[in-house]
Amino acid sequence: MKTTLLPSLASSSSSSSSKSSSSSRTYHQCSCALVVCAAFLRGRGHHHRYRRRPSQTAATNASSSSSLSSSFRFRRSNKTRRGSQNDSSSSSSTNSSMLVNDDVDDPTIRPTAEEAISWAFQHGLVVASGKETAGQVFHAPVALYPTPFPKDVFEFAKEITPKFAELYDKVSEDDAFMRETLREAALSDPEFTGRLWKIYEACGKRGNGRLDKELGILRTDYMLDTRSGMPLQVEVNTVSTSFMGLGSKVTLLHQHLAEYTKGNIDDDMKLKKENMPTNDSLNQAAKTLCEGWKCMECENASILMVVQEGETNIFDQRLISQKVFETIGVKTIRKTLREINESGRLDLKTNLFSIDGQLCSVIYFRAGYSPSDFPSEAQWEAKMLLEKSSSLKSPSVAMHLAGSKKIQQALAEEGVLEKFMPNDATEMRKVFAGLYSFEGEKNMQKTIQLGLSNPADYVLKPQREGGGNNLYGKELKEKLENDTKDLPAYILMQRIFPPSHQVTMLRKGLAHEIESLSELGIYGSYLRKGDVNSNTARVMNEHGGSLLRTKAASSDEGGVAAGYAVLDSPYLV
Ligand code: ADP
Ligand code: MG
C-alpha cells in the first residue's frame, strides 16, 4: 500500500509499488505542485488560490502535519472580480454572446463554456428538470476544469476504500453489534431509523431469511484535511450512491476540454491528460449489477431500480441501466415505492419480487434513504415487501443500516474496528476523523462540552442521508445547549478543513467563479456470495471509479443533487 507518501505516514523508503520518481515525492512537494498547477490553470480561466483559513493557521502545529498547509501560497488574481460570487444577477459580461451573462471576468471563458455545455448535451451529462417524462433537461452542474488534488492522497484513498466495503459488510452481518450500536438511535429516531430497524428485525437479520449474499455499489467520501494532510473520511454511503454515470462523463468532458483549449495557451500551461485519472465508475456500477444478476441464476429475470418520485437524476441512473442492457441484455424496470406497493408481489414459486408479471432477481435502491421517500405507510409496506423477497438487494436493509453515521462513530471507538478488521485496522484508522457519541449520561455530558468548547471545529450529524441535515456553528451550539433529548440519534464529528481553490463552475449555462472546497468520493464494486467471514466468499471487491464534488467554500453542506455542489474531477498533482 502506498502509504509512505503521506506526511503522517512518512517513512524513509518510497513505496514498492511506486512506478515513477514523481511518486516518491513528499506531500510538501506535492502541494508545491498544486501551486504550479494553479499557475497554469490560471491562464485558462480556472483560478486556484490556496489559502489558509484563519482557524487552520491557528490549529496547524509546527510538526510534519503542517507540511501541506505550510506550502500553500496566498495568491490573488490580478483581475478584478465583480459583485457576489454566487449571484449571477449582479454580474455583467464582456463577451459578445447575447444569451449569457457570466460572472467571470475572462473573455476566454464563454467559448470554452459553450463547448462544455454543448458536449454535456451531446454526451448525456444532463439532469432532468423534475418530471421524468417531460423531456426537459439541463446540463449537469459542473466545474469547467478539473480541480487539483494531491496524487498521493488520491492513491491512498483509492487503495484503502475496498477495505471499507468488506468492513461494512461484516458489520451488517453482526447482529449483536448492530443491535447494540443502533438501539438508542432507533429509539431516539423512531420515524426513520426505528422503522428501518423494524424491517431489519422482520427480515434483514440472519436467520430471518436474509440472503447469504450482498451486492454493493458503495461510495466512501473523503475530504483532504489541511491540518493533518490526510484524506479524512466524511462518511461511507452504502445506499443509493449516485453519479457513477455522470461522474465518468465529467472526467471525459475535462479530458475533451484539455484537448480543445490546447491552442489557447503556452505549452507549459496546458492541462495534461495523464494527470486526469481514468474514471470507470459507469462501467463499474453496471458491472456490479451484471455480476449480481448472474449470481442469482435466473435467466428470465430483470433488474428492479427503486426510484424517487419526480427524480431529476434519471440520466445518471439510465446510463447504468443502458450499460447493463448492452452488456448482458437484461432490462431494468424503474418503479417508485408507491408503485411497488400498488402492484408488486412475491412470486409464489421463487419468492423473487415480481411486478407487472416480470420477475426481478436484483433490486437496486436509488430511493428509500430519506424520510421524504416515505410520505405514507404505503412506502414502508413496499420497503418491507422488497426486503422479504429472495431477490438480491443492493443494499440489504442490514447493509443500509450499517452505513448509518452512528455505526461510523462506533467503529472509531477503541478496539472496535480492530475486532472486525484485525489485519487492516491500523491503515484504515488513518482516515478516521474524530467521532463522538452522545449515548449514556457520561458521554452525553462529555460530548456536549466538547462541541460547545469550540462549535466551529465540529459538525453535528443526525442519522440521515442526502445532504442538508447536519448542524454547524450557531445551530450546533443551540442544539447542544437547548435541545438534547434526541441527541443519542446524533453523532458529533471533528470538522474537516480542506484547502480552498478558485473554481469556475457552470450552472444552467452560466459560469461563476467561486472559492471552493472539494470532496473526493471513491466508489466500490462489491459482491459477496456465502459466509461473510470466508475470504473465498468475496466474488468482487474492486475500485469502482471516483467522483470529485466541489462546492462553495462558504457552504457547509455538499450534495450535488441537493444543490450545494457541482460535479468535478481531480487533476492529480
Ligand atoms: P449526507 O449523508 O447528508 O451526505 P454527510 O456526512 O456526507 O451527510 O454530510 C453532508 C456534507 O456535509 C458533506 O458532503 C460535506 O460537505 C459536509 N461535511 C460532513 N461532515 C463534515 C466534516 N466532518 N467536516 C466538514 N464538512 C463535513
Ligand atoms: Mg454525504
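A: Helices (H or I, at least four residues) and strands (E, at least two) are taken here as DSSP runs, numbered from the N terminus. This is a predicted model, in which local features need pLDDT of at least 70 and side-chain atom pairs count only at pLDDT 80 or more, while totals for chains, interfaces and linings use all residues. Residues are numbered from 1 along each chain as its sequence is written, chains are lettered from A and ligands numbered from 1 in the order in which they are written, and side-chain values use heavy atoms, with hydrogens and water left out.

On that basis, Gly344 belongs to strand β9, which spans residues 344-346. Gly344 has a relative accessible area of 18% and is therefore buried (buried means under 20% relative accessible area, exposed over 50% and partly exposed in between, with a 1.4 Å probe and protein chains only). Once its neighbours within four places in sequence are set aside, Gly344 touches Glu339, Phe353, Ser354, Ile355 and Leu385, a contact being heavy atoms within 4.5 Å. Gln358 lies 14 residues from Gly344 in sequence, and their C-alpha atoms are 9.6 Å apart.

The protein chain holds 17 helices and 20 strands, and 61% of its 573 residues count as buried. Among contacts between residues at least 6 apart in sequence, 73% join residues at least 24 apart.

In α13 (residues 405-412), eight of the eight residues are buried, among them Lys405, Lys406, Gln408 and Gln409. In α17 (residues 473-482), by contrast, Leu476, Lys479 and Leu480 are buried, and these buried residues fall within an arc of 95° when seen down the helix axis, so they line one face of the helix (the arc is that of the directions from the helix axis to the C-beta atoms). Lys474 and Asn482 are exposed on the other side of α17, whereas the cover over its buried residues includes α16 (441-453), β14 (458-462) and β15 (490-494).

The backbone also calls for a careful look in the loops. Most residues other than glycine have a negative phi, and most peptide bonds are trans. Glu297, which is not a glycine, has a positive phi of about 50°; Glu297 sits in the loop between α8 (281-296) and β7 (302-306) and counts as exposed because its relative accessibility is 67%. Lys508, likewise not a glycine, has a positive phi of about 45°, and is found in the loop between β16 (501-507) and β17. With a relative accessible area of 65%, Lys508 is exposed. The peptide bond from Ser394 to Pro395 is cis, with omega near 0°, and Pro395 lies in the loop that runs between β12 (392-394) and α12.
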